[in-house]
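Student: Could you walk me through a few features of this model? I'd like to learn how to read them.

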Amino acid sequence: MPVSVGHEFYMREAHDAACAALDRGEVPVGAVVVVDGQIIGRGSNQPIATSDPTAHAEVVALRDAARRVGNHRLTGATVYVTVEPCAMCAGALVHARIGTLVFGILEPKTGAVVSAMRLLDHPALNHRVEVIGGVLEDECRGLLQAFFVSRRKEAKATVET
């Protein structure tokens, strides 16, 4: 895929990964890692299936990319994720030396990039990540909202029986 492909293309790939998480009953968050126009890592939430609290979409995608390139540093890579990263995932972006983060929607409760805190702006960090938010915002929000509506319906049905 050429470098000129826009953010929307890669966010759709992340959205597809989020749909895969949804199909497995996980919170639908997806991520891809891109270098020079090529997707080198993919991930979707899987903490339930793997019994791993660190198996967030961003971490899974970073692990996949690092394995493929044979280096824990992904200097200059762009990470596309459907939801604003939490503190753990934001820290992983710094440690991997990611160049740019592109996310779909804000996460008002645990978002560590813009919403609940601005971890990537901390002056003590030795690496800076460019941040772009709101890409395919409506699609990303719709997927997450549908998941939680479904969960609330399931919970209500369980209480009523």
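Student: Which residue takes a positive phi just after α3?

Tutor: Happy to start there, and keep in mind that this is a predicted model. The residue is Gly70, with a phi of about 70°.

Student: Which residues of α3 are buried, and what covers them?

Tutor: Ala57, Glu58, Val59, Val60, Ala61, Leu62, Asp64, Ala65 and Ala66 are the buried ones. Their cover includes the strands β1, β2 and β3, along with helix α4.

Student: How many disulfides does a search of the whole structure find?

Tutor: It finds 0. The test is whether two cysteine sulfur atoms lie within 2.5 Å. The cysteine sulfur closest to that of Cys86 is in Cys89, 3.7 Å away, and therefore too far for a bond. Cys86 is buried at 16% relative accessible area, and Cys89 is buried at 0%.

Student: Where does Glu26 lie, and what is the nearest side chain of opposite charge?

Tutor: Glu26 sits in the loop between α1 and β1. For a charged residue, look for a partner: Glu26 is buried yet has no salt bridge, and the nearest side chain of opposite charge, Arg24, is 5.0 Å away. Then look for polar atoms: a polar atom of the Glu26 side chain lies 3.1 Å from the backbone nitrogen of Ile48. Glu26 also touches other residues, including Asn45, Pro47 and Phe147.

Conventions: Residues are numbered from 1 along each chain as its sequence is written. This is a predicted model: local features need pLDDT of at least 70, side-chain atom pairs count only at pLDDT 80 or more; totals for chains, interfaces and linings use all residues. Side-chain values use heavy atoms; hydrogens and water are left out. Helices (H or I, at least four residues) and strands (E, at least two) are DSSP runs, numbered from the N terminus. Buried means under 20% relative accessible area, exposed over 50%, partly exposed in between (1.4 Å probe, protein chains only). Lys and Arg count as positive and Asp and Glu as negative; His and the chain ends are not counted. A salt bridge is a side-chain nitrogen of Lys or Arg within 4 Å of a carboxyl oxygen of Asp or Glu. A polar contact is a pair of N or O atoms within 3.5 Å; within protein, one must be able to donate a hydrogen and the other to accept it, and residues adjacent in sequence count only if both atoms are side-chain atoms. Contact means heavy atoms within 4.5 Å. Lists of a residue's contacts leave out its neighbours within four places in sequence.
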